[in-house]
Amino acid sequence: RESDHRAWTPVSYTVTRQNATVQGLTEGKAYFFRIAAENIIGMGPFTETTKEIVIRDPITVPDRPEDLEVKAVTKNSVTLTWNPPKYNGGSDITMYVLESRLIGKEKFHKVTKEKMLDRKYTIEGLKEGDTYEYRVSACNIVGQGKPSFCTKPITCKDEIAPPTLDLDFRDKLIVRVGEAFSLTGRYSGKPAPKVTWLKDDIVVKENDRTKIKTTPTTLCLGVLKSVREDSGKYCVTVENSTGSRKGFCQVNVVDRPSPPVGPVIFDEVHKDHMVVSWKPPLDDGGSEITNYIIEKKDTHRDLWMPVTSATVKTTCKIPKLLEGREYQIRIYAENLYGISDPLISDEMKAKDRFRVPDAPEQPVIKDVTKDSAVVVWNKPYDGGKPITNYIVEKKETMATRWVRVTKDPIFPSTQFKVPDLLEGCEYEFRVSAENEIGVGDPSPPSKPIFARDPIAKPSPPVNPEAVDKTKNSVDLSWQPPRHDGNGKIIGYLVEYQKVGDEEWKKANLTADSCPETKYKVTGLTEGLTYRFRVKAVNAAGESEPAYVHDPVEVKDRLEPPELILDANMAREQHVKAGDTLRLSAVIKGVPFPKVSWKKEDHEVSPKADIEVTGVGSKLEIRNTVHEDGGTYSLTVENPAGSKTVSVKVVVLDKPGPPRNLQVSEVRSDSCYLTWMEPEDDGGSVITNYVVERKDVASAQWVAISSSSKKRSHMAKYLMEGTQYLFRVAAENQFGRGPYVETLKPIKAIDPLHPPGPPKNLHHVDVDKTEVSLVWNRPDRDGGAEITGYLVEYQEDGADEWTKFQTVPMLDCVVTGL
């Protein structure tokens with residue numbers, strides 16, 4: 001029966017053994033059991049179990065503990081945790097046994113001695129650097145169960161983990177003045193990191209309002225009753241031996257602005273309005289100034305009247321004032337967080353305080369020319385308003401009316417170039433200043449001046465030098481002076497001085513005798529050395545002298561010859577027959593060189609005109625003929641050397657006659673002509689040949705080819721038996737040259753060949769000293785009638801044939817054998 005029921009339930013009626021298995025019980029419930037014996041007489045009394053029995057599986061040792069983990073490692077300790085076994089063997093766990101094994105050893109050694117039921121244990125007193133593995137077993141009433149799976153090998157050393165940082169605040173934080181704020185977060189790391197707080201790169205120190213709290217895992221910086229100075233960039237640094245992490249927060253403690261910066265400046269004061277300006281607050285309260293509020297107050301009244309409450313400029317016009325009254329202005333600055341204390345101005349009376357500018361001082365006149373002058377003055381007092389223009393006036397000294405020199409504004413310059421003056425007239429000038437109020441009084445008139453160009457002495461001539469010399473003269477050359485002193489250069493004075501003397505001698509007495517920038521100083525002594533100088537002269541007088549840089553020794557100058565070739569002295573010059581050949585060159589050299597022209601190293605033809613001047617030479621041949629072609633050379637020579645140039649002259653003409661005219665391959669209707677090109681092609685390429693023929697009996701030549709470029713021609717269509725003469729001429733772009741003619745006539749007949757051999761030669765009779773022979777005609781007669789037959793005989797064994805005689809017929813008797 002169940003322990004909480006009264007009724008018994010039969011299990012079996014037929015049990016004959018001393019044991020029985022009870023089926024169908026519910027796990028976890030408690031039961032009582034009873035047994036009675038039975039025989040044939042009947043059932044005996046029941047025996048009952050003394051105490052209830054709870055139905056469950058049989059008790060065994062516990063399963064192996066689970067999730068054995070290493071939680072911390074140092075150089076001399078290891079902390080382990082684990083979970084209980086899934087099944088405790090049917091009995092409560094009584095204790096856990098933790099074992100360790102040094103790597104390299106075989107046996108595990110028990111670590112825990114006391115009865116330990118905690119599932120966390122720290123093994124201490126280990127040796128740094130040793131490596132262990134661990135396992136744990138659970139025990140119940142039955143005994144010790146299977147050990148857990150071993151940990152990985154664990155080496156005793158300080159555990160290292162880089163810092164981590166998890167912040168609860170954002171990059172920016174805005175706080176109202178007087179409020180508190182805190183910056184918090186969490187961190188970790190092994191070894192335990194050091195926590196440092198910085199504000200604007202300066203370490204934060206605790207005081208009455210600033211508190212710093214740091215636990216092993218959390219960090220906090222708190223500020224009570226914040227002030228504007230608490231604004232800044234806060235930085236928390238978490239650092240250990242493995243590295244560091246940083247977190248930043250820009251804290252802005254905001255407040256209403258400080259007052260605008262004074263004093264209030266009265267930029268403009270008028271009878272009905274003023275313009276005032278000021279400077280922004282030194283402290284905008286951490287928020288941009290959004291507005292200025294401006295108010296005005298009549299000093300005789302206590303009421304402040306609004307002017308504007310919507311301006312961001314630091315200047316303002318104060319309107320609607322009463323002339324003569326005194327006013328004060330006050331200005332507030334405003335931002336998102338409030339309105340500042342006011343800036344209050346000094347008292348200011350509403351009245352016009354500006355006037356026209358004062359009269360300038362007497363102007364000064366400079367840089368006078370024949371038609372212009374520059375007027376210069378000093379800036380006068382501007383009457384309280386900026387000067388916007390100057391008015392310059394002029395008048396002739398004897399006149400009474402002043403005239404403005406220009407309608408255009410003159411500002412800010414305090415000088416003006418007055419144009420359009422009349423040359424020779426005397427002028428005075430005066431200046432007035434103008435501002436927005438009006439035009440001030442004019443200055444006193446300037447000193448009178450005459451409109452004319454000032455003339456000064458010229459500057460010295462530029463770069464005088466000796467450009468040539470002989471044994472008694474020196475040629476000088478220079479450039480005009482850079483400044484003529486506003487006067488025309490009349491001329492130049494040239495002076496010379498013998499080296500060692502003090503006295504300078506004049507080479508020319510008056511400047512107008514040397515108007516050019518060159519002069520030949522004559523009458524010098526050969527072999528002496530002289531210095532030279534030149535002065536420029538205008539109406540104002542002589543300039544300072546300009547000196548030739550180096551002394552000059554007077555002697556004939558030697559310069560080797562130099563040839564500057566004209567275009568007609570190129571390497572090859574072509575001229576058409578009948579035209580004029582001109583060859584020329586510029587010649588330099590000191591002394592002037594001797595000039596000689598040659599052709600092919602011989603004297604040039606007498607028909608050539610040769611001209612030599614002081615600067616060059618020219619050769620001219622009129623009506624050139626082909627023979628005038630060749631290599632012409634020009635030689636110039638002086639004591640300093642010689643120079644030669646050559647030019648090949650080609651006279652372009654008609655070609656000469658072809659050479660070696662030959663006739664071959666004569667037939668009854670044709671013949672073949674060949675020839676060689678002329679010795680002289682006339683200086684131009686042969687374009688074609690003209691071939692002509694003539695019947696001996698005729699006076700007329702007939703052209704048979706006029707465009708052949710080859711040096712041969714087949715003359716066709718001849719009449720058999722007729723005798724012909726042939727001639728050939730060459731042509732180029734300048735015309736047809738002379739003909740070459742065959743030396744003797746050519747008869748148009750087929751050529752003759754020897755006849756063929758007689759046929760069927762045999763003897764018809766023989767005697768002791770003679771033989772009778774007969775034969776037949778040959779197959780071919782060679783182109784002409786056969787005139788006879790030559791009979792020869794030879795003794796048998798001999799080498800030579802002996803001529804007998806020529807016979808006209810087809811038989812012969814050879815005698816004398």
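**View 1. A salt bridge joins R622 and E620.** In this predicted model, the side chains of R622 and E620 meet in a salt bridge, with a distance of 3.0 Å from N to O.

**View 2. A salt bridge joins D298 and R325.** The closest N and O atoms of D298 and R325 are 2.7 Å apart in this salt bridge. The pair links distant parts of the chain, since D298 belongs to strand β23 (residues 291-298) and R325 to the loop between β25 and β26 (326-335), 27 residues apart. D298 is buried, because its relative accessible area of 9% is under the 20% that marks the limit for buried residues, while R325, at 35% relative accessibility, counts as partly exposed.

**View 3. A salt bridge joins R186 and D168.** Here the closest N and O atoms of R186 and D168 lie 3.0 Å apart. This pair, too, links distant parts of the chain: R186 sits in strand β14 (residues 181-190), and D168 sits in the loop between β12 (161-167) and β13 (172-176), with 18 residues separating them. R186 is partly exposed, with a relative accessible area of 36%, and D168 also counts as partly exposed, at 46% relative accessibility.

**View 4. Several charged residues are linked in a network.** E495, K506, R533, K535 and E542 are connected with one another in a network of salt bridges. A search of the whole structure finds 33 salt bridges.

**View 5. Three strands form an open sheet.** The strands follow the order β21-β22-β25, and their pairing is antiparallel. Because β21 (261-269) and β25 (315-318) stand at the edges and each has a single partner strand, one side of each is left without a neighbour in the sheet. Neighbouring strands of this sheet are turned against each other by 25 degrees on average, with direction ignored. Strand β22 (residues 274-279) pairs with β25 in the antiparallel sense over four bridges, and V276 stands opposite C316 in β25.

**View 6. Nonpolar residues make a surface patch.** I59, V61, I141 and V142 together make a nonpolar surface patch of about 350 Å². One of these residues, I59, lies in the loop between β4 (53-54) and β5 (66-73), and I59 counts as partly exposed, at 43% relative accessibility.

Notes: Residues numbered from 1 in each chain as written. Predicted model: local features only at pLDDT ≥ 70, side-chain atom pairs only at ≥ 80, totals over all residues. Heavy atoms only, no water. Pairing = 2+ DSSP bridges. Helix = DSSP H or I, 4+ residues; strand = E, 2+ residues; numbered from the N terminus. Axes fitted to C-alpha atoms, helices over the stretch in contact; angles between N-to-C directions. Patch = residues over 30% accessible without salt bridge, like charges linked within 9 Å, V, L, I, M, F, W, Y side chains within 5 Å. Areas by Shrake-Rupley, 256 points an atom, 1.4 Å probe, with all protein chains shown as cover. Salt bridge = Lys/Arg side-chain N within 4 Å of Asp/Glu carboxyl O. Buried < 20%, exposed > 50% of the residue type's maximum accessible area, 1.4 Å probe, protein only.
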